[in-house]
Amino acid sequence: MSAARDRWLDEGIEVLVEEGSAGVRIDRLAARLGLSKGSFHHHFAGADGFKKDLLDHVEDILTSSLQQAIDAARGEPTARRILMGLIEMVTASDDQVYRPRLEIALRAWALADVDAARTQERVDAARVGALRRVWRRVSDDDDDVRIGAMLPYVLALGATVIMPPLSSADLRKLYERILPLVPDDLA
């Protein structure tokens, strides 16, 4: 990707977060970036092409950060230690793995747009799938794996959608509250 293309996409995310999908317009993005509409058309196949690329960019951001956190926790031998590692990575700082404003913006967009809804479905499936792979390492029981994956994910989503969204510090406290419920080893 070129630097200018990245700027368009990153600014699209900023506008999506600040104003919602209705604010993501070429003229507004160009003005905010100080770039011409010609620059936009050089990098994207019109508004539909930008929308597709923006949704792909959002999906990558929302799935790759959790996957990196999971990769970092892979060496942990027990369910509790895996969860402790994920808590550390997810709540280390705002806007790294836990991005509540982007979550809200995509979920709101998904209510009115089929492409955004498909993106949201893929994000949720990728995240839950990644968490299931973590829990599969400590349990062969499908229900344990399903619940083990869903519990931290549902907590993070709930923390995102309440108004105002919880800070990463408060999300950490929620995770720490459930940590004693997680056995040292499910296997």
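The following legends describe close-up views of a predicted model. Residues are numbered from 1 along each chain as its sequence is written, and side-chain values rest on heavy atoms, with hydrogens and water left out. In this predicted model, local features need pLDDT of at least 70 and side-chain atom pairs count only at pLDDT 80 or more, whereas totals for chains, interfaces and linings use all residues.

View 1. Two or more lining residues come from each of α4, α5 (79–91), α7 (114–136) and α8 (142–161), where helices are DSSP runs (H or I, at least four residues) numbered from the N terminus. Helix α8 provides the largest share, five residues. By class, the lining holds 14 nonpolar, one polar and three charged residues (nonpolar: Ala, Val, Leu, Ile, Met, Phe, Trp, Tyr, Cys and Pro; charged: Asp, Glu, Lys and Arg; polar: the others, Gly among them).

View 2. R127 is buried, with a relative accessible area of 5% (buried means under 20%, with a 1.4 Å probe and protein chains only). The side chains of R127 and E103 are joined by a polar contact of 2.4 Å, that is, a pair of N or O atoms within 3.5 Å, of which one must be able to donate a hydrogen and the other to accept it. Apart from neighbours within four places in sequence, R127 is in contact with L62, L66, E103 and Y153 (heavy atoms within 4.5 Å).

**View 3. The second largest pocket.** This pocket, an open set with protein on both sides within 12 Å along at least five of seven lines, has a volume of about 160 Å³. Its lining includes S21, R25, D48, K51 and W109. Helices α2 (26–33) and α4 (46–73) each give two or more residues to the lining, and α4 gives the most, with five. Seven lining residues are nonpolar, one is polar and three are charged.

**View 4. The cis peptide bond between M163 and P164.** Omega for this bond is about -10 degrees. P164 lies in the loop between α8 and α9 (168–178). Most peptide bonds are trans.

Terms used:
On a 1 Å grid over the protein atoms alone, a cavity is a set of points where a 1.4 Å probe fits but cannot get out, and a pocket is an open set with protein on both sides within 12 Å along at least five of seven lines; lining residues have an atom within 4 Å of a point. Grid points are joined across faces, edges and corners, and a volume is the space filled by probe spheres set on the points. Buried means under 20% relative accessible area, exposed over 50%, partly exposed in between (1.4 Å probe, protein chains only).
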